[in-house]
Structures are given as C-alpha cells and as structure tokens.
Amino acid sequence: MSEVPKPDELIENIDHTPPEEEWEKIESPITEGRFSYPAKGKNLEVMEFRAPGEWSPKDEEWPLPDNWQEIIHEGFKERLEKYRSLKVFMDICVRCGACADKCHYFIGTGDPKNMPVVRAELLRSIYRKDFTTAGKILGSIAGGRSLTKDTIKEWFSYFYQCSECRRCSVFCPYGIDTAEVTMMGRELLNLLGLNINWIMEPVANCFRTGNHLGIQPQAFKEIVDFLTDDIEEITGIKINPSFNRKGAEILFITPSGDYFADPGTYTFMGYLMLFEALGLDYTLSTYASEGGNFGLFTSSDTMKKLNSKMYAEARRLGVKWILGGECGHMWRVINQYMDTMNGPADFMEVPKSPITGTVFNNAASTKMVHITEFTADLIRHNKLKLDPSRNDSYKVTFHDSCNPSRAMGLLDEPRYVIQNVCNNFYEMPENTIREQTFCCGSGSGLNNEEVMDLRLRGGLPRANAVKHVYEKYGVNMLACICAIDRAAFPPLMEYWVPEVGTTGVHELVANALVMDGEIERTTNLRFEPLKEEEDESDE
C-alpha cells in the first residue's frame, strides 16, 4: 500500500490541465495506490472462473492465456448480441464532454482517462476497430484501436477506478450509462481471470456461506444475540428475533456489514428495536444472510446467481414478502435487474404493511420493500412514539447513496424519516445531493486498503460538500442508507472532515423510538450520554 499524502498535499497535486496529446498517446503507468490486488485462485475457482495463479498488476508480463485475443473478441461479440444497450452505448457517443467533469475520480485525480467519455472510449475504440465497417477499413481514422496487451492493462486499471455510481449518466444528453460500459469491461476481463480479490472474495463467500464475509450460521446468530444484549442494557427490553422460521409473514434481509462492524451494527440494532416495538411477524435467515450483491461488479450471470438465493429462501420459508435493509447495490440489482433475471416473484404477495395496511404497489413485482419506505409509512400514519430530542447531540446531513438514489429514486423517504427523528437536519449543496449525489469513492468493490489513495481522491467531492455544512451549520453526523457507505465514510471523514461521524438512518430512528416497557434511557445506541444528561452534569 502506498503512503497517503496529507490533505493539502493531495489537493495541490491534482492537475486538471487538458493534455496536449490525444488520449490514446497518454501513458498509463500502473502504480501503487491505484490498483487493487488480483483475485486469489481459490475464490475464482469456486465460481468456476479462470484462475491464472499469483501475479501482480506491476508485472511486465501478465498471465494471459495463449488465445486471449480470441477470448476477448468472442466475449465482446456475445455481449453485443445479448445486450442491445451495449451496442447503443458503443455507437451513439458524440464526445460532447458533458460527462467529463462529473466523475468524482476525475475531479480527485485529474487523470483524463478517468473522464467517463474516455473510460468508455477504452472499450469503444476496440469495438470500432473489430466490429464496425468504418473501423475495419479506416482504423485509427475512424477512432479504432488494435487490441493489445497494453489495452488489457488499461482496462484493468481504469475499469477498476470506476465505482459504477452512474453520476455521469445523469448529465449525458444521450442517456449513455457509462457504468454499464464498465460492467461489460469487467466481464471481459473476468473471462481472462483478471478480477480483484476485494470483489471475488465476497462473491465466493456469498456463494458458499450466504454472506460476503463468510460468517457461518451459528456465528451470525451469536452476533445478533450479542447485539440484543446491548439493546437490553440500553432499553431494559430483551429481544429474541427468530431465524429460519417457516410461516413468518416477512423475511428481513440486510447487508452483512450491518451486523459485522460499527457503525453498521447500530443500524442493525435499530432494525431489531423497530420490529420489536411493532410486534412484527418477521424472521432472519442464516442462508440468505446478505443483501449486497457483488455479482454486480463481476458478471451478469454471477449477479443473477447471488440474487436468486434471497428468493429461493423466501420460497422455502413461505413468507408473504421481503423487507430489505439499508443497502446500496442490493437495491440497484433488485430495482433494475431482478425482474429479467429471476423475477417476477409471483409466489409471494404484493407487500402490505401489517401495521398501516398500506399496499406497496411499487414492489408488486419484486415483492421487496425498502425499510425507509416502510418506516416513512409508519411515521406518516403516526404509528411510532418518537422523541427526536434524543438525537439532539447530532447535527445531521444526509448522503444520497448512489444506487438507491439514482437506481430507484429513493430520495424523499429517508429525509422524511430523519426529519421526524432528529431536530437538527441540514442539506448539503443542491448540486451534490439527490440524483446529482457524489459517490463515497469506494463503491463497486473498491473499499480496500491498497487503493486508499484513490478512495480519498474519489471521495473528495462528497467530503467537500460535508465540509461545507460542517463549517456553515456545525454538522457533525453524516447519515446514509448503504452499508458500503457506512464502511467507507469513517476513514474518508477522518481524512477530510474529522469532526463528522457516520450513521445509518435506523440508528437515528432507534435512538428516538420510545418502546413500551423501556427503562429510562441514559445513553444512545453508542452508549454515549444523551444530551439531557450532559446538560445536568454541566450544571
């Protein structure tokens, strides 16, 4: 891992001066801090992918099979025939540059190949040369390039410097989704066994044990038991959630990050407290113990395979519908791909809240409701006893997590919930929130230590907006609805805005939630004194 510069040094070294030479002639050295470690053989083999053995992106010679060009050509051809969107995206770009300065990696690195238009051109130039008549005849005059080993190195470098956040697509006048281009680029690399371990290990773990972290069923239950002990100490109420219970009305699924590490664990405690307060008929699954889907960052077939386990478990348990936790890419997969991969899930019922009677017709096909939709509906029907003053030590702002915001338009519900459980809420600048939100800089499987330099650069635009509301309003807490965000933001904030912490929305809900039979609370879920007690001690 490379040494990370101090914030002032990092900013001083960002150069957005347009290069004099054409992008094809700009060298792209693969340096420490800009590449993730390759996938380990055991993780590739369990998914039946090609495993090239140990290698490093810094190696001069990469372990490519003898017929690697044929593999890429046939793989590219197959995907052009299978995905009409890919062919459209290859043909319609006019290089207007509207996307160029919208990518947080370009803003943070100044590297012209991190402009979405150029990143897509890495693939598009090969398409022109090999699959268009003009490119075959005119070559570089028509924008074509030959497929070489250096091209493969460029693909590996830049398709793994894209978090597939899709911010660029918001500004493209032709609607080109560059994230889809990145996904195809990664699929082609995967055919050669060129994947990264921080993606393939969660994929392999999820395939083998049901969650990204490889947590075994008994360990999952022990973790939940430990969290219920903390809830009992804070509230005096003992919660006993059920596991793998057939006949439950609802199957609840959330990302493993929520029950594995802080601050996600506080969000998980919030879910349990909310369900207990409602007397909800739900169950957890030790098989479908992961909401996230790293298949999205690997291949469509892998994404489909990992998505299917949630529905297989819902069918096995005989639940009516699925309630999903605060996750990022789980919701993009569910909202954008589920229906054509494994759906519609006709064996379940259209979700209906057992508390308010609200029918979630937007989930009629997937049978899966986002928990902020569920909780916002509860608040709207006055079904929760809330004391927002319990969150008065927090001045909160909200980060629209890329996938729920742009993929499924989940913009108002989280804000409605926060504004009902907190007295102090402040928005970041308009052009950094909602559909135009900036990425955490660590999405799409890039939340590893070896690319910390890149993560801090990619997270600079988001951190800059947080710094604005910190300086203007004294904001000290950044709320989000994504487990990757909750893992990525603590180091990002520590680097750029150390005064700001990170939370999930349902941690704030649980702090404010007044449960029947609870003892007088003296701390929040983090065992920090409530504001009233701080005031008393001051006196």
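Good morning. I begin with a contact between two helices: Lys87, Phe89, Met90 and Asp91 in H4 meet Leu123, Arg124 and Tyr127 in H6, where contact means heavy atoms within 4.5 Å. The residues of this contact comprise four nonpolar, no polar and three charged; Ala, Val, Leu, Ile, Met, Phe, Trp, Tyr, Cys and Pro count as nonpolar, Asp, Glu, Lys and Arg as charged, and the others, Gly among them, as polar.

This is a predicted model, in which local features need pLDDT of at least 70 and side-chain atom pairs pLDDT 80 or more, while totals for chains, interfaces and linings use all residues. Residues are numbered from 1 along each chain as its sequence is written, and side-chain values use heavy atoms, without hydrogens and water.

Helices (H or I, at least four residues) and strands (E, at least two) are DSSP runs, numbered from the N terminus. H4 spans residues 84-92 and H6 residues 116-131; their axes lie 10 Å apart at an angle of about 90°. Axes are lines fitted to C-alpha atoms, for helices over the stretch in contact, with angles from 0 to 180 degrees between N-to-C directions. H4 and H6 are therefore roughly perpendicular (65 to 115 degrees).

I turn to the sheet. Three strands form an open sheet in the order E5-E6-E7, with parallel pairing; two strands pair if DSSP finds at least two bridges between them. E5 (396-398) and E7 (501-504) stand at the edges with a single partner strand each, so one side of each lacks a neighbour in the sheet. The twist averages 35° from one strand to the next. E5 pairs with E6 (residues 477-480) over three bridges, and Val396 has Met477 in E6 as its bridge partner. Helix H22 (residues 483-496) packs on the sheet, touching E6 and E7, and its direction makes about 170° with that of E7.

Key: Angles under 35 degrees count as roughly parallel, over 145 as roughly antiparallel, 65 to 115 as roughly perpendicular and the rest as oblique.
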